[in-house]
Amino acid sequence: MKNPLLLVLCCGVMLAQAQTTTLKGKVTDAKKNGIPGVNVLIKDSYDGATTDANGVFSFTTEEKGEKTLQASFISYEKYEQKITLAGGEQTFIIALKEAFNEMKVVTITAGAFEASDSKKSTVLKALDVMTTAGTQGDTYGALRTLPGAQTSSGDQDGLFVRGGSGSEAQTFIDGMLVRNPFFSSVPDIAQRGRFNPFLFKGTIFSSGGYSAQYGQGMSSAVILESQDFPEKSVTSLSLSSVGVGLGHYELSKDGKTAYGGDFNYTTLAPYYALVSQKFDHPKNPVFYGESAYFRRRTSPTGILKFYATASQGDLAISSDNLDSAGKKNLFELANTNIYTNFSYADMIGGGWKLNAGFSFSANSDQITNTYSYGSFPGTFKVNNSLTQGKIVFSRFFGRLSALRVGGEFQHSEDNIKLPENSGFTIDPVNDNFSSLFAETDVYLSSKIVARVGLRMEYSAFLNKSNLAPRLSLAYKLNDVAQFSFAYGDFYQKADSLLRWHSSGSQNTGFQKATHYILNYQVIANDRIFRVEGFYKNYDRLVETDYQAASYTLPVLNNNGTGWADGLEFFYRDKKTIKGMDYWISYSYLDTKRKYIYYPLAAQPTYAANHNASLRIQKFFTKISSSLSATYSYASGRPYFNPNRPDAEFLTDRTPDYHNLGLSYTYLTNFYKAFTVLVLSVNNVLGADQVFGYRYSTDGKTRAAITPPAPRFFFLGAFLSWGQDRSKEVINNN
Amino acid sequence: MKNLFFIALLTLAFAQAGTAQNDKFVKTMETNIAMMDTAHSLEFYQKISNNFERIAGRETKEWTPPYYVALSQIQMMSFEPDQSKWSDLCDKGDQFIAMADSLSPNNSEIYVVKCMLAYGRIRIDPMTNGQKYAPIGSQFLQKAITLNPDNPRAYLENGINTFYTPPMWGGGKEKAEPMLATAKEKFDAFKPANSIAPNWGKNVYAFIMGEMGK
């Protein structure tokens, strides 16, 4: 090393390697509070540090020149800054921005209750729907414990939301309308929903102000999203006090195809033999149900689903005839129902997503009744079918904003044959109904969102169209609280059943409801509080030219009006008591309407002013059990009393409604099957439940409409054998 | 000649830098892995996880740094009292184990951590997530064992999951015992591929045996 230059050079290399820069400073959030645990580093190097409890960091680096300083931490956006390292000391104050986090982003909550497992910010989980005591796994039973819905539907089928009738609440499966979501009506006995809640991964219950993607429901939409893929092949068996069920679901080896089916047989004969019922049953209710499923992943993002189900039911009930003592009214019902749903979803390029669906359903009721007040004796045949297609294109803009456009087409047929001796025939009604809609979710920031939608509908039968604007806004005040507002017009064709009693329904137009909803919600620490106020205006409701004693079919018009307003509260707490989860809901409703045969504006028979429910679930993990209780209350509802003059129409009230349901669930393993045992009792305390009164023709005699028995008991075992062989593989190794 | 010497010297300097880089990777990993074995608090795991994450950002071809980030996340769950943060930890764990998986496909060790993350999801909300993630978790475990029947951590994980599963669901102490015995045998025979390959678990085994003895 005689060359001094070389020596200098060598030293230079070593010096350069040893020359260090000290970087120090603090990482804070937007409120200048230090964030501990942040990874502060020079990009593409090992050098960096983790901030301490005060958000302070300090480290040295031998890197030099142009580099990138980076700071990252869970739930914050990554921070990057260009820096030049040239020895010495540099100080940085870094403020991290909170990342767009589902929990922290505003969501539209006005009028909407969502049960989902895939989203974090929902109020309910899918399981909550299935485990509500006293509902025996009926989705609608669980929804009745939520604000906005009547806790008891009394003797009528359906979901009664904010002063709306049962037919104003529509059910959609994978975006498509379900024509007959409930089992066919039987006089005085409310029927349950047809669909098993286990079919669905998500449920949205809208008590108003819902999306422009849906229509033809003036009050409410129940939006059900079917399950995607099973995680394994499963064979299931159910044994209960009311029947048996057997099913199998096969998942292909590549995990891309799944198919299966099930069969259910329900008979109430053994139950009725044990527990005495109010009515005689010349034919005990019997139902058969058969379902088939097929699902296929067509690409990493594409999924095709097919579901078909058929059911047949048969029953006969005889009840006392109020007009002639000792005589009986006989009601016989034979029902056949078919429902199919085919859907496909995939990304189609350019950031667009396609959702397409096709559904066919048909329902046939054959009803025979002997003479009773208000209907003709003989055999009625009521058939309807619905064939529909729907297509939706959606695209995300930025991180959250989205645009959805689409359309649907529905062909419906309604055919009612009255008994021949009635002397009346009713023309079949076939309608071709189509709609177009566009909707956009615009996030002005993570705190403000606006959903603006427009829906256009046309009915060929009515030869009328409508244009329905929808608007929802939500504003997040802070991490836990937000306000939401919804407005919209909702149109609906007249209920097809009106044609039983009237003529000329083609001369009517769409009925209209306008909703205004204001919602405030706080979610924090496993507790949820919601308060919601609403005003709903009904216009152009279908009315008949009211003539009490007339035996000619009245003519329909669109002169009916009505309104509803109310205030609702919801509180859920999963935290205060360990292992216990409860929710309370209360709804106040004030509503009147003049429609169908009402002589004046009156509170309808299905509307109680006060509804409340308390649902408690307690888990006993050590004994794999859970006990749940649901208490429901409703103040008295109006009932029709023929002895009143028109001026006092529907001024009588039934007694208050009380129902305490209890359910005990025990999870166990039985012959290698994952087994769920359920025992549940409805109306444990045996409270007298009166839904209204049925009067004799002369109005002098009346009978209370009450449930068929004071209590309903259910005992069931649900077994499933998973074909998941991994445990065996491990054990044999 | 002088020039030649000069070039040789420069080459040596760069070569040294090159091996130094590789040595630095192994040394840094070794240090952090050793630290991880003694980690006992959330803050400490966070620090180690951050260290591994920095290495992962630099050594984009190595599967072990993201593997240890994912493993740290799952360990952090046990120390994080705020359960609302668990889901973020699992998300981050999933993200890094996927990174490791893409760098080293069909790696038994990676599938063990995937299984741990699936069971982490179950801990977040057993009622909701149990039915979905229990089969996913056991599929990962099955794959881990198929890929390397001598991986002690797969048997350890199986034993732990079984021990904490109630007997009526096919779990329990009796069923876990033979699995943990197998884990013990495999641990005794196990030789890691190198100084930074996964070699953890003996202390976890000791802990779980202690729990079983209670």
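How many residues does the hairpin from β16(A) to β17(A) run through? Five. Some notes on this and other spots follow.

1. First, the ground rules. This is a predicted model, where local features need pLDDT of at least 70, side-chain atom pairs count only at pLDDT 80 or more, and totals for chains, interfaces and linings use all residues. Residues are numbered from 1 along each chain as its sequence is written, while chains are lettered from A and ligands numbered from 1 in the order in which they are written.

2. Strands β16 (residues 280-297) and β17 (residues 303-320) of chain A run antiparallel and are joined by 14 bridges, with S291(A) opposite T309(A). Strands here are DSSP runs of E, at least two residues long, numbered from the N terminus, and helices are runs of H or I of at least four. Two strands count as paired if DSSP finds at least two bridges between them.

3. On to the next strand: β17(A) also runs antiparallel to β18 (residues 328-347) of chain A, through 18 bridges.

4. Two asparagines are worth a look. Most residues other than glycine have a negative phi. N463(A), in the loop between β23 (448-459) and β24 (464-476), has phi near 55°. N683(A), in the loop between β35 (673-682) and β36 (692-695), has a positive phi of about 50°. N463(A) is exposed, with 10 other C-beta atoms within 10 Å, whereas N683(A) is buried, with 20. (Buried means 20 or more other C-beta atoms within 10 Å of the residue's own, exposed 12 or fewer, partly exposed in between; C-beta atoms are placed from the backbone.)

5. Over in chain B, helix α4 (residues 86-103) has 18 residues and spans 26 Å from first C-alpha to last, close to the 26 Å expected at 1.5 Å a residue (that is, 1.5 Å times one less than the number of residues). Its buried residues include L89(B), F96(B) and A100(B).
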